[in-house]
Structure formats: C-alpha cells, structure tokens
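Biologist: Hi! Could you walk me through this model, one spot at a time?

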Amino acid sequence: MSNQARHRITELINEIRDHQFKYYVLDQPSISDAQFDELLKQLQALEDKNPELRQADSPTLHIGGGFSTQFEQRDHIEKMMSLDNAFDLDELAAWFDRVEKEIPSPTYLCEVKVDGLAINLTYENGQLVRGLTRGNGVTGEDVTLNVKTIKNLPHVLVGDKTPSLIEIRGEVFFPIAAFNELNESLEESGKSLFANPRNGAAGSLRQKDPRISASRPLSVVVHGVGAREGIYFDSQSQAYAVLKNLGLPTSDRFSVVSTRKEVEKFIEHYSKHRHDVEHEIDGVVIKVDSLADQEKIGYTSRAPKWAIAFKYPPEEVTTKLLDIKVSVGRTGRVTPFAFMEPVKVAGSTITHATLHNSEEILRKGVLIGDVVVIRKAGDVIPEVLGPVIDRRTGKEKAFVMPSNCPECATALRAMTEGDVDIRCPNIQNCPAQLRERIYYIGSRAALNIDVLGYEAATALLDAKIIKDESDLFDLTHEKLMGSDFFTKKDGTPGANIDKLLAALESAKKLPLWRTLVALSIRHVGPTAAQALASSLGSMDKVSKASAADLAEIDGVGATIAESIVEWFSIDWHSAIISKWSAAGVAMVDAPVKKPPQTLAGLTFVVTGGLNDFTRDGIAQTIADHGGKASSSVSKKTDYVLVGADPGSKLAKAQELGVAIIDEDQFKALLSKDQPAK
C-alpha cells in the first residue's frame with residue numbers, strides 16, 4: 001500500500017499544483033472550486049494515513065497563491081550551443097567552402113533569426129517540466145513558471161507518439177505591435193521603458209512574480225532539439241514537421257534549398273522584408289539539413305560547424321543633436337525629443353527621435369550638441385541610445401525641462417506621486433492636446449481615417465470648424481469649406497472634403513473597441529479596448545462599470561480600470577459620447593455572425609499535418625461551423641481528417657470503418673449550404 005500511496009500522493013500534488021498555477025497565475029481555472037477542494041481532501045486523507053509520506057512543500061501545508069520564480073541554476077541535459085556569425089557574403093562563402101569540403105552537395109535549410117531570448121524547454125512523457133535560459137550553454141536559469149504563462153506554448157504535447165524525453169530549443173519574443181503598446185503604457189505610467197523588443201522579452205520573462213509575465217503578451221517559436229529519447233527524424237526540416245505535429249509553435253519562415261544562390265536569395269528577401277515580420281529579426285540562420293551530415297561536419301567547443309547566422313547590418317547611425325525640445329501628447333504628457341541633423345536609417349531620413357522623459361536624458365548622459373547614436377527599426381519611433389563621448393568639444397550643454405506648457409503656458413506638474421513624467425493639466429483646452437487627440441482618432445490604432453492626418457487636425461481646429469473631438473462627426477460640406485486646407489486655390493471644394501466625410505461615415509460602423517481607443521482614455525490601447533468591448537458589449541456598460549468590475553476583465557487590470565472610471569466621471573467627456581452617439585457612431589457591438597453550421601452534429605478526428613490549418617486552427621474551424629473535434633477515434637466518430645504523416649488514428653479509423661477524408665474533402669464539407677449528413 002505504501003508504494004501505491006506514494007504514487008497517488010505524487011500524482012495528486014502535481015495535479016493540484018497545476019490547478020493552483022492556472023487559478024492564481026494564469027487566472028484561467030480549468031475545474032470548479034468544489035472539484036479542487038475534493039482533490040485537496042483526497043491528498044489530506046492520504047497524508048493523514050501515511051504521515052511519513054507527507055512532503056515538506058505539500059499543498060496541504062501552504063497557501064496556494066505563493067508562486068515565485070527563484071532563478072535557480074540548472075544544467076541543460078545537452079549543451080546549448082551558440083552560432084558563429086557571418087557579416088557579409090564573403091564570410092558566408094568561406095563557411096560554404098568549409099562545409100562543402102566535408103559534404104560535396106549538401107541541402108541547406110534557411111530560416112529567419114528571431115531576435116529574442118534563447119530558451120530550452122524540457123518535456124518528459126509529453127509534459128513540460130522545465131524551462132531554462134541559455135546561460136553559459138551548460139547551465140541556465142530556471143524560469144519554468146514564467147515560461148508556462150506564454151499562451152502559444154503547450155504544457156502537454158499532443159499526438160499519439162510523444163517522446164519520453166525531449167529538449168526543445170527556441171526563442172521567446174515580443175511581437176512588435178504588442179511591444180510598442182507595452183512601452184506606451186509604461187511611458188504613460190511614468191515607468192522605465194524597454195529599449196527594444198528583445199529586452200522587453202527578457203525583462204518580462206525574468207520576473208520573480210510569474211503573474212507579471214502572464215500579463216505580457218509574450219510568444220515563442222521553436223527551432224531546434226537537444227537531448228531526446230523515443231523520437232526520431234533524419235533532417236532539420238523533418239524535425240520541424242514532427243515538432244509541429246506535437247503541437248509546438250514552429251515557424252513557417254524557412255526554406256530548404258540546394259544551392260548557394262538560393263541561400264543568398266533567401267537572405268536578400270528578408271533583408272528587404274525584415275520589417276514585414278511580426279517580430280524583430282536580426283538575420284538569417286543557415287543550417288545543413290541532414291542530421292547525418294551535421295554529425296559528420298561536427299562542432300567547435302562553442303558552436304556547430306554545420307550552421308551559421310548571417311547577420312544584417314545594425315540599424316544604428318550617428319548624427320549631431322542640435323537641440324532638445326518638448327512635445328505635448330494627447331493625454332497631456334510632456335515628452336522631450338531630439339532635434340538632429342538629418343540622417344538616413346532603416347530606409348528613411350529622420351530629424352527627430354524620442355528621449356522619453358528628463359530622467360532618461362540624465363540616465364543616458366545626453367547633452368545638447370552631442371554626437372549621438374540613433375536606432376530605428378521598421379515603424380518603431382527613432383530613439384537616441386546615447387552620446388559618443390569621444391566626439392565632445394566642450395561646447396555641449398545640459399537640457400532643462402520647462403516648467404510651463406509650451407502651447408498653453410499652464411504650469412506643468414506630475415499627475416501622481418512618483419510619476420517621472422510631467423503633464424499639462426489643461427486637458428480640455430490645451431491646443432497641443434486637442435491636435436494630438438484629433439490626429440490620433442484618425443490613426444490606424446483608432447478609427448483609421450487616412451484623410452484625418454496631423455495637418456487636417458490642425459486645420460480643423462485653427463479654422464474653429466470644430467471645438468474639440470465631440471464635433472468631429474457633425475462635420476458637413478459647408479463647414480469644411482471654411483478652411484483653406486479643404487479647398488482649392490480658386491476657392492472650390494477640394495477632393496479631401498468628400499473623402500473625409502465618407503471616411504467619417506464609414507467610421508460610424510466600426511467595432512466598439514475602435515471607438516474606445518479613439519477616446520484617448522489613458523492606458524486604453526487596442527488590447528484593453530478589445531477586452532472591454534468583448535466582455536461588456538456596449539459603451540453604456542463600460543461607462544457604468546465599477547473599477548472593481550473592470551479590473552476583473554482579462555486584459556484590463558486595476559490601473560486601466562481606475563483610468564476608465566476617472567475618464568467617464570468628467571462631464572465634457574460624457575458630452576463627447578452623447579454627441580458621437582447622436583451622430584450615429586456605433587456604441588454597441590453588433591452580435592458576431594456565426595459561419596454556416598455546415599458541420600453541425602458531426603465529430604471529427606484529425607491526424608497528420610495539414611497545409612492550410614494549424615492544429616489549433618482546424619479545431620477552431622470545426623467548432624465555428626458547429627462540429628466537434630475529438631482526440632480519439634471511436635464508432636461515434638463521423639470523419640477522420642488525414643494530413644501528411646498520419647499517426648495510428650488512421651489505422652484505427654480503417655479498423656472501425658470510419659469515413660476517411662483529406663483536406664480538400666474537408667473544405668468541401670465546410671462549403672455546403674446545409675449541414676453534412
């Protein structure tokens with residue numbers, strides 16, 4: 001009985017801890033409180049009968065919410081190596097020569113190099129048991145609890161043949177759009193910003209409280225394998241197919257090629273399109289595809305000889321800082337910015353770069369007149385990284401933050417205790433804040449009105465066509481004729497009048513979350529706005545909800561909740577809502593129209609890899625169309641959908657006589673107007 005009790009106690013402890021983690025950290029309980037209490041009761045009873053088996057850290061002895069990451073040092077099972085780099089085509093050619101001396105005609109796999117934080121994930125019998133940072137390659141920091149908060153990373157592998165042990169290598173990254181939104185919220189809160197998405201990913205993953213990691217929209221992509229037992233593949237590309245079938249997040253941005261020219265073409269393609277990717281990339285990784293060839297080529301003490309990273313040039317330049325000025329944003333925050341000699345970086349010429357706040361200027365040690373290093377990646381706002389000290393002449397001078405708003409002369413002040421930002425409190429009437437709010441309404445983040453750019457916003461206010469944003473949807477052809485911006489030189493109407501009026505009309509039909517973003521409520525960006533709209537469904541419910549209720553919404557939290565309540569408590573803010581609503585702006589989310597329920601009543605089992613659906617995607621598609629996705633084949637299964645490299649489920653379907661279909665036949669079922677029989 002003792003061995004049985006020991007096994008059951010261990011089983012219960014693991015199950016209870018998993019449920020505690022989902023409840024306290026992820027805020028996604030998967031069982032009811034009563035079911036959880038029953039598990040705890042079973043464990044307590046077993047421990048009472050077998051007190052010698054009670055573990056010191058048993059859930060029966062501790063409060064459930066105490067999850068904390070200690071960053072303990074742990075060894076990788078198999079060394080986690082680095083990559084050698086090539087910075088130009090000559091260095092790449094030299095690597096080709098070395099490889100092809102060993103393997104005359106190798107096949108190469110090219111993939112984008114994600115600029116993230118290297119991670120090593122260990123699965124035992126399909127269960128995620130450990131997540132380690134790279135560290136020194138032999139030993140890394142244990143960040144298991146934090147890794148488990150990443151939404152696209154499975155805690156349990158799927159499929160019929162999960163390995164008994166496998167180490168998965170990958171990169172944790174911040175999607176660029178989510179990173180920009182996080183930095184904006186940090187800036188609004190007067191907190192220190194992350195310098196770039198890579199630092200953001202590292203900082204978010206290395207939190208002692210995993211709930212903070214859970215609040216950050218991190219993602220992960222896997223690209224390699226370390227130690228493994230009970231699993232086989234003979235090439236890097238086949239490994240990716242296997243990992244994908246296990247439910248792991250692999251990348252589609254790779255290509256298997258056979259010539260140097262094809263490798264160079266891949267490198268050139270992503271050099272031109274590196275900013276079209278949802279995450280930052282800093283190069284391309286080239287690997288010999290065959291594992292047998294990899295073993296033959298071998299390793300150095302720190303890196304495989306069969307792989308190399310081709311690094312793109314850094315997107316950093318130097319220029320002279322002519323002055324530091326300040327701008328006033330739509331929420332009143334006063335932000336210093338660098339005014340510089342024009343310089344070309346990341347494909348565009350820039351003269352301005354953000355300096356965030358006065359503390360950042362001091363921290364970076366930037367003086368007016370310095371030669372400074374500028375960084376810009378894609379659409380990210382250019383940033384001053386720091387001064388080139390050796391280039392100083394002694395004529396440089398320190399920046400002094402103004403004490404009054406440069407636009408309305410109102411005395412500036414910190415809005416909350418400990419806030420490093422200073423703000424203009426003249427929210428309603430400050431010309432700068434008005435301009436920025438009107439301009440933001442037209443941005444892609446809000447109502448996406450191309451015609452409503454900065455110049456148009458300025459023109460509307462300067463001509464007193466609108467007093468503030470409340471008048472925006474009351475614009476008419478006649479009113480717009482009152483500004484030179486909207487008329488031709490001869491005084492006749494310009495084409496932008498009709499374009500703006502048409503765009504405003506279209507904006508009235510946009511989803512509620514976009515209207516919420518357009519209101520410039522502090523801290524409410526697209527993510528929080530979508531959470532609010534999805535949960536509450538109407539502007540009226542958002543405006544009347546308490547801070548406590550709002551804070552309970554996933555994606556909102558206490559800080560955003562308080563900001564929302566404060567915004568709606570101001571009379572002239574309520575007037576904006578009233579006028580927009582009277583003008584026909586949608587204040588209620590339209591019910592989501594379900595796709596045709598062509599799979600109603602049907603049960604599907606999917607096996608093998610599909611071309612146009614991910615594993616999660618096919619399950620969602622089946623559910624959206626009224627069907628049920630099951631993990632096992634039985635006599636109740638209507639169809640087994642078979643893709644590439646199917647598992648044992650295919651044989652089971654043949655044995656039971658269940659209908660077997662391919663991807664094209666599945667799509668045909670989807671397109672039927674009536675439910676399939």
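**Around arginine 413**

Modeller: Happy to. Arginine 413 counts as partly exposed because its relative accessibility is 41% (buried means under 20% relative accessible area, exposed over 50%, partly exposed in between, with a 1.4 Å probe and protein chains only). This is a predicted model, where local features need pLDDT of at least 70 and side-chain atom pairs count only at pLDDT 80 or more, while totals for chains, interfaces and linings use all residues. Residues are numbered from 1 along each chain as its sequence is written, and side-chain values use heavy atoms, leaving out hydrogens and water.

Biologist: Thanks! Where is arginine 413 placed?

Modeller: Arginine 413 is in the loop between strand E16 (383-387) and helix H12 (431-441). Helices (H or I, at least four residues) and strands (E, at least two) are DSSP runs, numbered from the N terminus.

Biologist: And what does arginine 413 touch, not counting residues up to four places away in sequence?

Modeller: With those left out, arginine 413 touches Ile422, Arg423 and Pro425 (contact means heavy atoms within 4.5 Å).

Biologist: Switching to rings: how many aromatic pairs are there?

Modeller: The count is 15 aromatic pairs. Rings of Phe, Tyr and Trp (its six-membered ring) pair if their centres lie within 6.5 Å; planes under 30 degrees apart count as stacked, over 60 as edge-to-face and the rest as tilted. Phenylalanine 174 and phenylalanine 179 form an edge-to-face pair, 6.1 Å centre to centre with 65° between the planes.

Biologist: Is phenylalanine 174 buried or exposed?

Modeller: Phenylalanine 174 counts as buried, at 1% relative accessibility, and phenylalanine 179 counts as buried too, at 3%.

Biologist: Why is the pair of phenylalanine 266 and tyrosine 270 called tilted?

Modeller: Their planes are at 50°, with ring centres 5.1 Å apart, so the pair is tilted. Both lie in helix H9 (residues 260-273), four residues apart, about one turn of the helix.

Biologist: New topic! Which strands make up the open sheet of four?

Modeller: The order is E18-E17-E19-E20, with parallel pairing (two strands pair if DSSP finds at least two bridges between them). Strand E18 (628-630) and strand E20 (659-661) stand at the edges with a single partner strand each, so one side of each is left without a neighbour in the sheet.

Biologist: How many bridges join strand E19 to E20?

Modeller: Three bridges join strand E19 (residues 639-642) to E20. Valine 640 has isoleucine 660 in E20 as its bridge partner.
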